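User: I'm new to this one and would like a walk through a sheet and then a pocket. Could you bring it up first?

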Amino acid sequence: MPNSSQLLRILIVEDDEDDYMLLTEYFKNLRSWQYELKWVQRYEEALKELCSNYHTLCFCDYRLGAKNGVDLIKDSVSNKSDTPIILLTGRGNYQVDIEAMKAGAIDYLIKADLDEDRVERTIRFTLQQVNNLRKVQESERRYRSIFEKSKDIVFISSIDTTITNINYAVEEILERSIIACLDMKLLDFFNDPVNAARFLELLQESGEVENFETELLKKNGELTTCLINASIELDSDNEPYVQGVIHDINDFKKAELATIQAEKLAASGRFIRTLAHEVRNPLNNIDLAVEALGSPHTEEDNGVMLGIIDRNSHRIGTLITQLLQSSNPSDMNLELLSINGIVERVIALTADRVTLRNIKLSFAGDESDPMVMGDANKLEMALLNIVINAVEAVKEQTGVIRIATLQLTGSVRISISDNGCGISKENLTRLFEPYFTSKRNGIGLGLATTLNILQSHEAAVEVSSEIDKGTVFVINFIAKDITTG
């Protein structure tokens, strides 16, 4: 609704005084606004008034001598005037109407058709259009500010990724000027042509690409790792274009690599300290036994000391063998295996422990009998380590262990869950480290060996756990079609 308190500053550009007087009659009974009028007759004076941007709107006659109203509209627009102009003509002319609208006229009226109601409707329409235009301009300014000040590269390109607009962030991230980037293809920034082709393929297939990680070339040839999000949109002419954002993650990648290296060093330190501790104990026992043999002793003492030496040297040999097996398993004997059959044999091997602890163990095998390529003995060893840990983690009589296999599209899943004591978040991150164990008499090589075996079978393992609620191991193998082998 119009604001009755709004003062309209109306400029009338008319070189005929009679027409001006007639037009002013239509303003006298305006119900919705207060107004003030200013009348100018000469073209140059009209242009000066319009460029002052003082007036709310302007009624302009088409005929103004050597130049016309369309010329005035064009000149005012080129001089950055934002005063809306309503063009008036003595009689209708379609060509003038089209020309005026293209030049920027807000409306086009025929003098013979004017009356008070039409003038009021025209003013109301003009004010609404101006209000809408200002909202659009404000929105454009807001988004232009976001576009220009974004720390990420924001770009617009044609469908073949030829860049038509790009923000200043490209100068910081890729060290390229905006002008140099225009008319280049985004794909030209890719270091790997295969990645570039894959990006374009994904974009054209689905209409959008999310978090596409790739290395982009800086102007000096250096590489930076980036994430690209892009989508295909339609402009006002229904023509497709590409808009996207490029986020520089190079510093993040460096920090991530440094963190991984630090974690590896920390894990290596813990491993060396634990191994030294495990070996030192039997070595101390051997040293004490050898020292005792150098003292006066009986035949019976001889046997005791030699037994100590034999057991502890065997202990050291076992540690080394387990270490080698956990870090570098021997060659595998690959064959097509029923994963249900492997799980059933593991359950048979743990039957005595399950019975003695009076716990429940259930198995839900997929009826399709999923098949994988693997080494039967090693897979049994890997799964047995997980199941034994579950048996030892649950309480007697109330313990429950559930094992299930599931055939998925392209993969086979094994899940092993228990309602045992659970694993803390700190220990969960170290679960597969060699010699890490929370058991009093454990060596800490069981799950390290398990992980190595599963990885050698190209299987992925995920572990989730909550203290006092239990633990879930999920293992995913690549499926094998039994009909093709």
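User: How do strand S16 and strand S17 pair, and over how many bridges?
Analyst: Bearing in mind that this is a predicted model, strand S16, residues 400-408, and strand S17, residues 411-418, pair in the antiparallel sense, over eight bridges.

User: Which residue in S17 does Ile403 stand opposite?
Analyst: Ile403 stands opposite Ile416 in S17.

User: What order do the strands of the open sheet have?
Analyst: The open sheet has five strands in the order S14-S16-S17-S19-S18, and the pairing among them is mixed.

User: And which strands stand at the edges?
Analyst: Those are strand S14 (360-364) and strand S18 (460-466); each has a single partner strand, so one side of each is left without a neighbour in the sheet. From one strand to the next, the twist averages 10°.

User: Which helix packs on the sheet, and what does it touch?
Analyst: Helix H13, residues 376-393, packs on the sheet and touches S14, S16, S17 and strand S19 (470-478), while its direction makes about 25° with that of S17.

User: Changing topic, what volume does the second largest pocket have?
Analyst: Its volume is about 370 Å³, and the pocket is lined by 15 residues, of which Ser81, Asp82, Thr83, Pro84 and Leu133 lie nearest its centre.

User: Which elements give two or more residues to that lining?
Analyst: They are helix H3 (69-78) and helix H5 (116-149), with H5 providing the largest share, four residues.

User: How does the lining split by class?
Analyst: The lining of the second largest pocket has eight nonpolar residues, five polar ones and two charged ones.

How values were computed: Residues are numbered from 1 along each chain as its sequence is written. This is a predicted model: local features need pLDDT of at least 70, side-chain atom pairs count only at pLDDT 80 or more; totals for chains, interfaces and linings use all residues. Side-chain values use heavy atoms; hydrogens and water are left out. Two strands pair if DSSP finds at least two bridges between them. Axes are lines fitted to C-alpha atoms, for helices over the stretch in contact, and angles run from 0 to 180 degrees between N-to-C directions. Contact means heavy atoms within 4.5 Å. On a 1 Å grid over the protein atoms alone, a cavity is a set of points where a 1.4 Å probe fits but cannot get out, and a pocket is an open set with protein on both sides within 12 Å along at least five of seven lines; lining residues have an atom within 4 Å of a point. Grid points are joined across faces, edges and corners, and a volume is the space filled by probe spheres set on the points. Ala, Val, Leu, Ile, Met, Phe, Trp, Tyr, Cys and Pro count as nonpolar, Asp, Glu, Lys and Arg as charged, and the others, Gly among them, as polar.
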